Amino acid sequence: MKSSFPKTVQIAIISVYLIFLAGSVVRMTGSGMGCPDWPKCFGYYIPPTAEEQITWKPNTEFKKGFIIIKDEALFVAEHTVKTADEFKIDNWKKYTKHNYAKFNKYHSWTEYINRLSSVLAGFVFLFLIYKATKYRKKDKRIPILAYTAFFLMLVEAWLGKTVVDTNLKPTIITIHMVIGLIIIALLLQLQFITSNKKKSYNYNPIFNKLLLISVVFSLIQIAMGTQVRQFIDEQVKLFGFENKDYSLMNPSFKFYFHRSFTIAIVLVNLGLFYINQVKNLGYKLVNWVVALIFIETITGILMYYAEFPLGTQATHLLVGAILFGLQFYLWLQSRSVK
């Protein structure tokens with residue numbers, strides 16, 4: 001299709017991966033609860049930069065909706081109030097969605113930037129569905145895929161709020177991640193349908209089936225990885241963020257499954273590489289898949305044996321999401337020649 005729509009789809013894909021990157025930095029730095037509320041941060045549209053802004057003190061004005069920390073608890077101003085010499089509970093409502101009452105300006109701003117990346121992606125998706133609507137008579141798949149992706153982005157926004165309200169509940173985080181990958185898959189299918197560069201490949205049934213297995217395996221591995229990450233977060237709460245050497249003390253079965261399952265993933269994708277080379281199928285993306293698996297393996301080893309070097313967690317998560325995308329796009333290519 002000779003239009004700018006494929007470029008719009010590409011920008012949408014990049015915007016989602018930017019959310020993955022921002023989210024991985026949030027997890028890496030332990031900033032998930034940097035803002036205790038959603039979509040604001042301590043009731044502010046722009047996060048506070050000093051603890052004094054969210055600490056109760058006399059003779060100070062707090063606007064309606066502002067959140068303060070007092071006696072290790074969160075309180076919300078029920079209306080704009082000018083404080084007296086003593087704290088009057090009648091002017092405040094205790095925040096009951098969770099009991100996380102800590103402030104760290106770096107964590108707040110890290111989480112805030114994560115949210116901004118989601119807002120930016122939201123505008124991109126609005127433009128995407130606007131342009132996709134024009135193709136409703138030419139190819140109904142295009143608006144259906146675009147609107148489904150946009151709907152799931154709205155679900156992701158709601159889940160983002162739920163993650164904060166539930167104080168980083170593991171199940172919600174995993175669902176949040178999986179839906180993000182589904183959005184990537186929908187956008188890649190849009191990209192494949194609307195791409196102006198069509199190339200024919202040699203079909204191989206074993207290669208096609210292995211590709212589907214590799215996609216499913218990556219989805220399982222990423223979902224399991226979020227559970228392992230949650231275990232690490234719980235350890236951090238116990239021992240402190242500075243004691244990273246305790247992060248994988250007495251790991252659960254999920255960690256061992258996540259680590260051992262890597263062997264199956266490596267074998268399946270090496271099989272893809274072998275078949276592609278021997279049968280001369282011409283899938284260049286297979287080389288990138290193998291390279292990304294190598295990076296995933298190295299970062300995983302570094303996190304376990306080198307106590308989470310800076311950037312390895314973010315790289316591990318982002319590369320995993322990109323790997324899933326490449327495998328899914330390869331699968332679309334392999335199906336197109338059947």
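I will go through the disulfide, the sheet, the salt bridges and a surface patch, in that order.

First, the ground rules. This is a predicted model, where local features need pLDDT of at least 70 and side-chain atom pairs count only at pLDDT 80 or more, while totals for chains, interfaces and linings use all residues. Residues are numbered from 1 along each chain as its sequence is written, and side-chain values use heavy atoms, with hydrogens and water left out.

Let me start with the disulfide. The criterion is a pair of cysteine sulfur atoms within 2.5 Å, and a search of the whole structure finds 1. Cys 35 and Cys 41 are the two partners, with 2.1 Å from S to S. The angle about the S-S bond is -85°, and the link is left-handed. Where do Cys 35 and Cys 41 sit, buried or exposed? Cys 35 has a relative accessible area of 0% and is buried; Cys 41, at 1%, also counts as buried. Buried here means under 20% relative accessible area, exposed means over 50%, and partly exposed is in between, with a 1.4 Å probe and protein chains only.

Next, the sheet. Helices (H or I, at least four residues) and strands (E, at least two) are DSSP runs, numbered from the N terminus, and two strands pair if DSSP finds at least two bridges between them. There is an open sheet of 3 strands in the order E2-E3-E5, and the pairing is antiparallel. Strand E2, residues 67–70, and strand E5, residues 92–94, are at the edges with a single partner strand each, so one side of each has no neighbour in the sheet. From one strand to the next, the twist averages 40°; axes are lines fitted to C-alpha atoms, for helices over the stretch in contact, and angles run from 0 to 180 degrees between N-to-C directions. Between E2 and strand E3, residues 73–77, there are 4 bridges. Ile 69 is placed opposite Leu 74 in E3.

Now the salt bridges. How many salt bridges does a search of the whole structure find? The count is 5, taking a side-chain nitrogen of Lys or Arg within 4 Å of a carboxyl oxygen of Asp or Glu. One of them joins Lys 70 to Asp 71, with the closest N and O atoms 3.2 Å apart. Lys 70 is buried at 19% relative accessibility, whereas Asp 71 is exposed at 65%.

Another links Arg 115 and Glu 111, at 2.9 Å from N to O. These two residues are 4 apart in helix H2, residues 105–133, which means about one helical turn between them. Both Arg 115 and Glu 111 are buried.

In helix H3, residues 141–165, Asp 165 and Lys 161 are likewise 4 residues apart, so about one helical turn separates them. Their closest N and O atoms are 2.6 Å apart. Asp 165 is buried, at 14%, and Lys 161 is partly exposed, at 24%. Salt bridges with shared partners connect Lys 97, Lys 161 and Asp 165 in one network.

Last, the surface. Phe 294, Ile 295, Ile 298, Ile 301, Leu 302, Tyr 304 and Tyr 305 make up a nonpolar patch with about 670 Å² of accessible area together. Patches take residues with over 30% relative accessible area and no salt bridge, joining like charges within 9 Å and nonpolar side chains (Val, Leu, Ile, Met, Phe, Trp, Tyr) within 5 Å. Areas come from the Shrake-Rupley method with a 1.4 Å probe, and for residues only the protein chains shown count as cover. Ile 295 lies in helix H7, residues 285–305, and is partly exposed at 33%.

That is the tour; questions are welcome.
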